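Here's a quick briefing to read alongside the structure. Have the viewer open and follow the topics in turn.

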Amino acid sequence: SGSSPALVFGAPNSARPGLLKADGRAQLHPHQLEDGGWRVGSKHEGGMSRWTSRDFVADLSGEALQLQIQLNSSGAAINYCTESELARRVGLAGLQAQKASYWRDGFLVVRNLFSPAEVGILKEKIVSIGHINETVLPGLQKTLRRGEHSSFSTVFGWNKVDPAQGGPRDIFSKLSSSDRILDRLSCFYDDEVYGFHNKIILKYPGYPGFRPHQDQGYWMRTGSRFPETSAVYVAIDPSTEANGALNVVRRSHLLGTYESVQWSESIADSGMPRESWTALLNKGYRPESFPLQPGDAIFFSGNTIHLSGDNLSPISRLAIIATMNTRGNSVDPKKNALGYACYTGHPLERVYDPITRADLALELPDWSSVSDPACKLGSAVPEGHRWVFIRGKAQLIRNEELPGLRATQAKSQASLGTAGG
């Protein structure tokens, strides 16, 4: 027919499929086929990770090229799938099964990752810290009164999450540095992982949910070159459909990376492009909700599409999300305007002890945005963004959104003038 042969490959020694051309420039992303094989395409540039191909064998029909690949990983200090304390507790077969499930579906639900007693202590700490609630709640309540859908206004985040970055060992880093998280992800990614960013989601009754999005759609703008970030969502409150449970889209991590765009005039309301989300729904992709009890967790890839509904219940839905990155994907300082963490040069120190009431007396985290000045150039600007001041606060805005923002501000000012200021 004269058409280019399809590229199809399998990965017998790796749960992660992918292909990076030998010139290091053309990044391709995979689609899983109904017969269980894979087809590589290049629709979403930057959607692949650090893989190289080997053992090229062209079939005689010319219709396909069979590829076997091996992960071009930076390598971990030990084999966390077989030699870690977690592997001994979970069992080699159990941990390998979790790894296979994670890369097959793009997420993994782990029940009772932390005990109800541990997350009860964490919740006591969260609600007692005035700085968290005073930072998030007043601005969020103002946006709600204006009728805005401000999902990201429910987030309180910080970047100094590892004592090696100069911060103290605090109660939240005991969670994010737990071997229950670090060893599991180091096994999954065949590389050292490190604390990239921690956040608390304060979804109180009446507060909005999140549009469908991929975390890599944001991280790639600020220096994450490949979709090797991951997130661990730990339920602090029970998570149900009524209070806006986290939803994930199975196998969406195989679709490449979609850019993040605004869904409304609210700066804190963004997600993947609406038309792309609609197209996926039309193809049969569906969000799945998993009711969680306090201490349950969902691990998911930076390319996994996820979303949540509004909290329509009288019960809060608090959660902690520990975001991790791999050593081989340490961020680009030229784009790292928001000060996310770089790899510190050594494996992250594991925490093996449970969270106890004694940890309530630990120092609070360093809430400053920049984790390490060496990881953020003073002139750093995310790709395709610029700094603007909105209501007296500096925020990063995509260049193409600036005209709409100016029009919205002019309309608002005109309205205020009519009302007498």
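S101 sits in helix α2. This is a predicted model, and the chain folds into 9 helices and 19 strands.

**S101 and the whole protein**

- S101 counts as buried because its relative accessibility is 15%, and buried means under 20%.
- Skip the neighbours within four places in sequence, and S101 is in contact with G106, F107 and L108.
- Buried residues make up 53% of the protein's 421 residues.
- Take the contacts between residues at least 6 apart in sequence: 79% of them join residues at least 24 apart.
- The protein's accessible surface is about 18,300 Å², and carbon and sulfur atoms account for 53% of that.

**Where α2 crosses α6**

- Helix α2 covers residues 92-105 and helix α6 covers residues 179-189; their axes come within 10 Å and cross at roughly 65 degrees.
- As for handedness, the α2 and α6 crossing is right-handed.
- On the α2 side, the residues involved are L95, Q98, K99, Y102 and W103, and they meet R184, L185, C187, F188 and Y189 of α6.
- Sorted by class, this contact of α2 with α6 has 7 nonpolar, 1 polar and 2 charged residues.
- C187 turns up again with E83: their C-alpha atoms are separated by 9.8 Å, although the two residues are 104 apart along the chain.
- E83 itself belongs to the loop between β6 (64-71) and α1 (85-90).
- With a relative accessible area of 44%, E83 is partly exposed.
- Leaving out residues up to four places away in sequence, E83 touches I78 and R88.

- Helix α8 spans residues 274-282, and S276, W277 and L280 are buried in it.
- What do the buried residues of α8 pack against? They pack against three strands: β11 (246-249), β14 (287-289) and β16 (306-308).
- Turned away from the buried side, the other face of α8 carries the exposed residues E275 and N282.
- Just past the end of α8 comes G284, with a positive phi of about 105 degrees.

- Most residues other than glycine have a negative phi.
- N112 is not a glycine, yet its phi is positive, at about 55 degrees.
- You'll find N112 in the loop between β7 (107-110) and α3 (116-128), and its relative accessible area of 48% makes it partly exposed.
- R251 is another non-glycine residue with a positive phi, here about 65 degrees.
- R251 is in the loop between β11 and β12 (261-262), and it counts as partly exposed at 29% relative accessibility.
- R327 lies in the loop between β17 (317-326) and β18 (385-390).
- At 29% relative accessibility, R327 is partly exposed.

Definitions and conventions
Residues numbered from 1 in each chain as written. Predicted model: local features only at pLDDT ≥ 70, side-chain atom pairs only at ≥ 80, totals over all residues. Heavy atoms only, no water. Axes fitted to C-alpha atoms, helices over the stretch in contact; angles between N-to-C directions. Helix = DSSP H or I, 4+ residues; strand = E, 2+ residues; numbered from the N terminus. Left-handed = near helix turned anticlockwise from the far one by under 90°. Contact = heavy atoms within 4.5 Å. Nonpolar A, V, L, I, M, F, W, Y, C, P; charged D, E, K, R; others polar. Buried < 20%, exposed > 50% of the residue type's maximum accessible area, 1.4 Å probe, protein only. Areas by Shrake-Rupley, 256 points an atom, 1.4 Å probe, with all protein chains shown as cover.
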